[in-house]
Each structure stands twice: as C-alpha cells, then as structure tokens.
Amino acid sequence: MNVTLASWRDTWHEAGAPSVDESLFHLLVACYSEKHRYYHTLQHLRECFELFDGARDMARHPAEIGLALWFHDAIYDVRRHDNEARSADMAAASIMASGLGEDVAGRVHMLIMATCHDQPPSDTDAQLLTDVDLAILGADAKRFDESDKQIHAEYAHLAWNDFREGRKRVLNSFLDRPRLYSTDRFYAAYEMQARANLHRSLSKL
C-alpha cells in the first residue's frame, strides 16, 4: 500500500470509523516530511506498509496495525525521549475524535508504544508491528548502509564521539537479544542479514 490519501481512507474505513479526517492525512505527511528528518520519513513509512501488506494475514486487527503505522513516527525530535508516547497520544486522540471507541484507541496506543523497542512484545499484533519497523535492520546491505547514513544525519547536531558511543549502545543492545524478530516469518527472512548488517555498522564506528 502506498502512502496516499486513498490508502489513508481505506485504513480508517477498514477500522470501522464513521468519519475520516483528510486534513489529518496532510498533517502526517507534513510531519514525515520535516526538514530535520532523514530516516524517519515517508520513505520509511512506505517501506513499512509494503512489508505489512505482505504480512496482513498474520494480524488479528490489521486496520489497527495500519493506523499504528501511520502514526508511529508522527512526532520525531531527536533531542527528546518521548516521541513514541507523544505519537501514541496523538493517534489515540485522533481515533477517539473519529468516532471509534476507547478499545481501538487503547490498542493502537499500545502498538505504537511497542515501537520503543525496549522489550520484546507479547501481543501478537505488536510483534508484527515491531518486526515491520525493525525490518530495515535486515535489509540488503545497500539499503541498510543508506539508512545508517540517514540516522547519522538526524543526529548531526552531536559531536562524532557522542554519536558513536550512543550508536554503539543501540546496535549492541540489538545484538545482545536472543533474536531480533519476534515472528517466525520475519526471523527466517531477516535475522541473519540483520546481524551481519549490525556487525558491519559497528565495525565502522
């Protein structure tokens, strides 16, 4: 699914929303197009939806995962540590305003918070969403290296040594996990390549 107004409408209709706020679509596109973003952009959003479209059969509530994807990086400020929470709050408020209930808003909020990647999720939809979000780690070497440069560009305000130490902590935290991907399908498709990419990235720091 491409990142279009039509796909935006489809996601809300699939979720059962009685109304669709098209101005919110344009707001999100503007968010993902902010000048300080290099990785957390519409490119990342498109890649996530392409992967999710091929794995929708794994979802219990596919429309809710779709909504979570739209909003999961809506707020992105590298100087803050609450981007996921602010994005999740934005999603929940938008869902409530659309006429969908608190149960949907709560589940989507939970899904977005799972993209903090601070612990493996137990919820099956959250497992799928986080695997989609982390699939970039297992991309082919060319795309992964491009994403590495994009991440560095987002932290251009940091001195190299500060960025290097922070990046090493993040990459090692992934490598220390027993497995990077929660679902068997993503594990089989991306785990080996992801670990190779992470090791290569660390060797450059």
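**Reading helix packing and cysteines in a predicted model**

Modeller: In this predicted model, the axes of helix α2 (residues 22-32) and helix α4 (residues 62-71) come within 10 Å and cross at roughly 50°.

Colleague: Which residues of α2 meet which residues of α4?

Modeller: From α2 the contact takes in L24, F25, L28 and Y32, and these meet L69, W70 and F71 in α4. The residues of this contact divide into seven nonpolar, no polar and no charged. As background to the spacing along a helix, an α-helix has 3.6 residues a turn, so residues three or four places apart point the same way.

Colleague: How many residues of α4 are buried, and what do they pack against?

Modeller: Because 10 of the 10 residues of α4 are buried, this helix is largely enclosed by the rest of the structure. The buried residues include E64 and G66 as well as I65, L67 and W70, and the buried residues of α4 pack against α1 (5-15), α2, α3, α5 (83-98), α6 and α7.

Colleague: How many residues of helix α7 are buried, and what covers them?

Modeller: Helix α7 (residues 124-134) is mostly covered, with 10 of its 11 residues buried; among them are D125, D131 and D133, together with L128, L129 and V132. What covers the buried residues of α7 includes α3 (42-53), α4, α6 (102-114), α9 (160-175) and α10 (184-203).

Colleague: Which atoms come within 3.0 Å at the start of α7?

Modeller: At that point, a side-chain oxygen of D123 reaches to within 3.0 Å of the backbone nitrogen of D125.

Colleague: Turning to the cysteines, how many disulfides does the count come to?

Modeller: A pair of cysteine sulfur atoms has to lie within 2.5 Å to be taken as a disulfide, and by this rule the count comes to zero. C31 is in no disulfide, since the nearest cysteine sulfur, that of C48, is 16 Å away.

Note on methods:
Residues numbered from 1 in each chain as written. Predicted model: local features only at pLDDT ≥ 70, side-chain atom pairs only at ≥ 80, totals over all residues. Heavy atoms only, no water. Axes fitted to C-alpha atoms, helices over the stretch in contact; angles between N-to-C directions. Helix = DSSP H or I, 4+ residues; strand = E, 2+ residues; numbered from the N terminus. Contact = heavy atoms within 4.5 Å. Nonpolar A, V, L, I, M, F, W, Y, C, P; charged D, E, K, R; others polar. Buried < 20%, exposed > 50% of the residue type's maximum accessible area, 1.4 Å probe, protein only. Polar contact = N/O pair within 3.5 Å; in protein donor to acceptor, adjacent residues only side chain to side chain.
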